[in-house]
Amino acid sequence: MPRNPTSRRLTTIAGLALISVLSLTACNPPSSSGDEGPLPDSQEDLVSAAQEEGAVNLGAGGHTSAQAQLLADKFEEKYGIPVEFVRENSGQIGQKVEAQRDAGNVSFDVISLNDSSTLNTWAEEEVLTAAEVENADDVLDPLEAESDSYIAFTWAAAGFVYNEARLDASSVPGTWQELAETDGTKVLADPGTSGAALTFVGAIQESAPELLSALGEGKVLTSESALALGQMVATGEADFGLPGVEHDVSTAKAAGEPLAMGYPEGELGIMPSYIAALSDAAHPAAARLLVQYSLSEEFQDAQRELGSRSTLESVETPEGMEKLDQDRMLVLDQDDLTARKDELIAAFEKSVR
Amino acid sequence: MTTTLTNPAVTDDTASPRHSAPVKKARGGIAPLIWCVVVFFLVVLPVVGLLWKSLELPDDTRGIDNYTEVLSRGDIWEAIGNSFLIAFGTTTGSLLVALPFAYLVSRTNLPGRAFFRSVAVLTFAAPGFIAAMGWILLLGPQSGLLNQYIITPLGLPAFNIFTPYGIVFCLTFFLYPLLFLPVADAFDNMDDRLEEAAQSLGASRWETMRRVVFPLVLPPIFSGSLLVFISAFTIFGPVALLGGPVGFRTVPTAMFQLMTFPPRIELAAVLGLPVLVVLALLIWLQRALYGRRRYTTVGGKPSQRRTAQLGPWRWPAFLAGMAVFMVSIVLPFGVLVLTSFRKAIGLPLTWENMVLWDNYQAVFAQDSIMRSFFNSLWIALAATVLSLAIAFLAGWILERSAWRGRGLIQPMMLAPLAFPGAILGIAMIIAFSGGPWWLGGTLTIMLVAYLIRVVPQSFTYVQSGFKQINSETEEAARNLGATGVETVRRVTVPLLRGPLLSVGVLNFVLLFRELDISIFLFTGSNEVAPVILYNLATQSQFQVMGALAVIMLLVNLGVVILARSFFGIKLK
């Protein structure tokens with residue numbers, strides 16, 4: 001029987017596929033972690049140890065891409081240590097770490113999250129290790145963490161977002177009440193699927209408890225994610241997006257989108273982003289050094305240029321952002337927020353659905 | 001037409017031996033053992049790992065509390081009901097589009113039929129969330145371009161894409177190729193003499209269609225519908241974007257909610273159960289419908305292909321084909337092309353706000369882009385070929401061997417369908433990231449996950465193909481002295497060329513843009529193209545994302561053309 005050309009080609013392709021599979025296979029356990037004893041006390045020795053480790057992996061759930069890239073660039077420039085990072089939302093990084101813990105192979109040395117409740121749990125379970133940050137006491141009082149295993153490196157206020165190419169700045173509402181009474185479609189992120197939205201709803205229930213039901217009387221849409229929220233405001237499907245989170249708006253502006261933040265009077269919900277080193281980090285010295293560097297004046301000042309607020313009192317508010325005194329900063333207890341999650345979601349559903 | 005017309009190709013194994021002489025089946029040799037090993041790694045390990053996880057309780061014990069907790073919630077049952085609604089609607093819509101379209105491109109003189117057939121697979125060229133974004137830009141009730149410039153000026157009410165109907169509409173034109181491609185292949189493989197025989201016995205064209213043609217393409221119709229149904233039941237991106245604004249949740253969006261703040265993977269894993277139940281019901285239904293019948297339509301002897309003449313309906317049919325092409329590919333990708341030339345989607349659509357190549361330059365300015373493209377190409381290709389090999393092995397054991405355990409084959413091969421991408425990603429991490437495999441963060445774990453993702457559909461296509469092949473042709477080859485391997489290589493594989501190529505191209509296109517699993521398995525160094533696409537979207541760089549989506553479409557188009565040229569398929 002003559003050999004069929006299709007069969008010959010399939011055999012060739014199958015052979016190539018097999019070779020590629022073999023070349024991709026890497027069944028080696030990860031390099032050992034944290035077994036080499038305590039980290040050096042002196043900063044000089046810590047830097048040497050970190051440089052010897054040669055790399056550090058960051059799971060960036062609390063950073064924007066621009067913040068993570070800036071951190072990677074500045075850290076490598078200063079210490080010569082490359083930072084490999086994965087930027088996803090805080091929930092996705094949390095899920096990834098949980099699944100990797102189950103498998104016994106966490107790929108990150110350092111993680112950043114917006115969710116202090118998960119960080120508290122991990123601190124109790126000793127998943128995290130204190131990074132001995134020298135200037136930890138300089139962090140703004142409302143942003144102080146419950147555990148010394150993690151620390152706030154930036155924060156953002158939650159107001160509302162609008163498209164300045166469609167809405168004149170002079171007609172932007174100045175209070176939550178005005179916003180609720182203003183014509184136009186509002187899109188609210190769903191507190192069931194977005195941590196930022198849950199924080200926002202929690203803050204609103206404290207600072208302006210009538211807002212949700214007032215919003216519900218108008219035309220309201222919801223969104224499962226900040227991604228959809230930004231897109232809906234940009235395209236004009238909605239006129240206002242809640243919550244408008246400063247670093248999301250900064251990111252959109254950097255991409256050329258004409259989005260702007262609205263800051264209603266009074267208290268505003270605040271979303272701190274925290275960073276922590278993992279106990280089982282494959283690069284423990286570099287992990288500690290990266291956390292310490294995140295709190296350095298040098299990096300805190302640099303991230304200001306991106307439109308990211310510093311957690312150090314000494315660093316000024318980024319240009320174009322409203323200066324917020326500590327008495328306007330409403331930082332919610334995330335454990336309490338998690339415990340009240342169902343109640344807050346129910347209040348949201350009742351008011352706006 | 002007499003009522004005594006019988007279909008010579010669709011026979012019942014329990015009927016007279018005159019119609020279905022029992023073919024002696026081989027025991028299978030080493031093939032079942034190889035299949036067991038493959039299935040253990042690709043299905044049992046991750047699925048059992050996930051089910052085990054679903055039993056995990058906060059105090060580190062195991063129990064069914066997670067099941068009672070999740071399944072006692074009213075919103076979860078509402079989500080399950082909504083998933084059924086979307087899945088039924090999408091399957092019905094896909095059947096209405098795919099069946100006549102498949103018949104037209106395969107059996108008639110429809111102008112441009114080879115083109116329509118080749119490009120159908122391109123509906124999958126971008127992740128689902130991109131297609132949904134495209135539809136929001138087109139049919140958003142307030143500022144969708146079609147609403148703004150065509151529908152409303154005509155005095156019609158704006159179409160609201162943020163409704164269950166909008167979701168069904170979007171998913172129908174996104175998923176219909178899962179049904180269209182195997183059915184078109186089945187039409188190709190049908191022996192015209194069966195229809196001629198029916199008509200010579202006095203059957204009208206409609207009766208021939210209903211009593212001969214339709215029953216013969218029932219296996220691919222059912223297996224394609226099963227894929228569409230389960231895909232619509234478990235798809236996340238489009239439902240989240242289009243249903244989210246009006247609070248419409250389905251099983252995967254409910255799963256997503258359970259996985260956030262704090263992450264409760266064990267609760268989300270519970271929701272794999274309803275999908276497993278649905279899958280089991282569908283398999284049972286499939287067996288009840290045509291379980292013991294034979295659907296042989298392909299023999300070793302070539303037959304003359306007859307093309308039905310559409311006559312005056314030729315050009316109206318062409319317009320209908322163009323409408324499907326426009327709605328499924330041109331409009332959603334056209335709006336992405338338009339987006340790729342905009343400065344920002346938030347600025348008015350005017351000439352001043354357009355750019356020429358800036359967004360494309362921004363794509364290529366990213367260091368990682370070429371690496372991720374290369375990774376995606378290789379992994380998608382390797383997973384495609386391996387999935388075909390596994391599907392062929394499973395199909396052969398099921399349809400050609402007498403192995404006692406072959407009743408397990410179909411459920412095992414389809415089980416991965418029960419888990420949406422994100423959940424499967426988690427299952428992969430649990431099963432393979434740690435010891436003894438240590439695949440976390442490698443491209444290998446991505447490859448294994450991709451393989452698992454496409455094994456079910458590869459199997460359904462190949463199994464349908466096997467059902468159509470007359471095993472007597474293979475018996476004849478054996479009688480002429482060919483070994484078992486030679487028979488497979490020189491007879492079975494060439495006869496299955498249509499389904500293998502169709503599903504091969506489909507798998508590649510699907511995997512080249514696979515996002516849901518990739519995002520979970522990405523740890524920094526194993527980047528693939530869809531992850532970059534997603535990151536651009538999260539950075540609000542919609543216009544750069546549009547440019548990258550267009551490039552991915554072009555790559556897929558190139559692959560479709562290359563595959564068809566490489567394997568000698570003529571663009572008729």
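The following legends describe close-up views of a predicted model.

**Figure 1. Overall make-up of chain A.** Chain A contains 14 helices and twelve strands. Of its 353 residues, 59% are buried. Among the contacts in chain A with a separation of 6 or more, 78% are between residues 24 or more positions apart.

**Figure 2. Trp176(A) and the largest nonpolar core.** The largest nonpolar core has 306 residues, and the members that touch the most others are Ile111(A), Leu128(A) and Trp176(A). In soluble globular proteins, nonpolar side chains tend to be buried together. Neighbours within four places in sequence are left aside in the view of Trp176(A), whose remaining contacts include the aromatic residues Phe160(A) and Phe200(A). Trp176(A) is also in contact with Ala158(A), Gly159(A), Ile204(A), Ala208(A), Leu211(A), Leu242(A), Pro264(A), Glu267(A) and Leu268(A).

**Figure 3. The cis peptide bond between Leu242(A) and Pro243(A).** Omega of the cis bond joining Leu242(A) and Pro243(A) is about -5°. Pro243(A) belongs to strand β8 of chain A, which covers residues 240-245.

**Figure 4. Packing of α24(B) against α27(B).** Helix α24 (residues 497-512) and helix α27 (residues 542-566) of chain B have axes 10 Å apart and pack at an angle of about 165°. Angles over 145 degrees count as roughly antiparallel, and the two helices α24(B) and α27(B) are therefore roughly antiparallel to each other. The crossing of α24(B) past α27(B) is right-handed. From α24(B), Val505(B), Phe508(B), Val509(B) and Phe512(B) meet residues of α27(B), namely Met552(B), Val555(B), Asn556(B), Val559(B), Val560(B) and Ala563(B). By class, nine residues of this contact are nonpolar, one is polar and none is charged.

**Figure 5. Packing of α22(B) against α23(B).** The angle between helix α22 (residues 471-479) and helix α23 (residues 484-495) of chain B is about 145°, and their axes are 10 Å apart. Here α22(B) passes α23(B) in a right-handed crossing. Thr473(B), Glu474(B), Ala477(B) and Arg478(B) are the residues that α22(B) brings to the contact, where they meet Gly484(B), Thr487(B), Val491(B), Thr492(B) and Leu495(B) of α23(B). The contact of α22(B) with α23(B) comprises three nonpolar, four polar and two charged residues.

Figure 6. Asp516(B) is located in helix α25 (residues 516-521) of chain B. With 29% relative accessibility, Asp516(B) counts as partly exposed. Although Asp516(B) and Ala422(B) are 94 residues apart along the chain, their C-alpha atoms are separated by 5.3 Å. Leaving aside neighbours within four places in sequence, Asp516(B) is in contact with Phe236(B), Gly421(B) and Ala422(B). Thr91(B), in helix α3 (residues 74-107) of chain B, is buried, with a relative accessible area of 9%. Not counting residues up to four places away in sequence, Thr91(B) touches Ser225(B), Val228(B) and Phe229(B).

Figure 7. Glu126(A) is not a glycine, yet its phi is positive, near 60°. Glu126(A) is placed in the loop between α5 (116-124) and β4 (128-129) of chain A, and is exposed, with a relative accessible area of 61%. Trp438(B), likewise a residue other than glycine, has a positive phi of about 55°. The loop between α20 (421-433) and α21 (443-468) of chain B holds Trp438(B), which is partly exposed at a relative accessible area of 21%.

Notes: Residues are numbered from 1 along each chain as its sequence is written. Chains are lettered from A and ligands numbered from 1 in the order in which they are written. This is a predicted model: local features need pLDDT of at least 70, side-chain atom pairs count only at pLDDT 80 or more; totals for chains, interfaces and linings use all residues. Side-chain values use heavy atoms; hydrogens and water are left out. A nonpolar core is a set of buried Ala, Val, Leu, Ile, Met, Phe, Trp, Tyr and Cys residues joined through side-chain atoms within 4.5 Å. Buried means under 20% relative accessible area, exposed over 50%, partly exposed in between (1.4 Å probe, protein chains only). Contact means heavy atoms within 4.5 Å. Axes are lines fitted to C-alpha atoms, for helices over the stretch in contact, and angles run from 0 to 180 degrees between N-to-C directions. Helices (H or I, at least four residues) and strands (E, at least two) are DSSP runs, numbered from the N terminus. Angles under 35 degrees count as roughly parallel, over 145 as roughly antiparallel, 65 to 115 as roughly perpendicular and the rest as oblique. A crossing is left-handed if the near helix is turned anticlockwise from the far one by less than a right angle, and right-handed if clockwise. Ala, Val, Leu, Ile, Met, Phe, Trp, Tyr, Cys and Pro count as nonpolar, Asp, Glu, Lys and Arg as charged, and the others, Gly among them, as polar.
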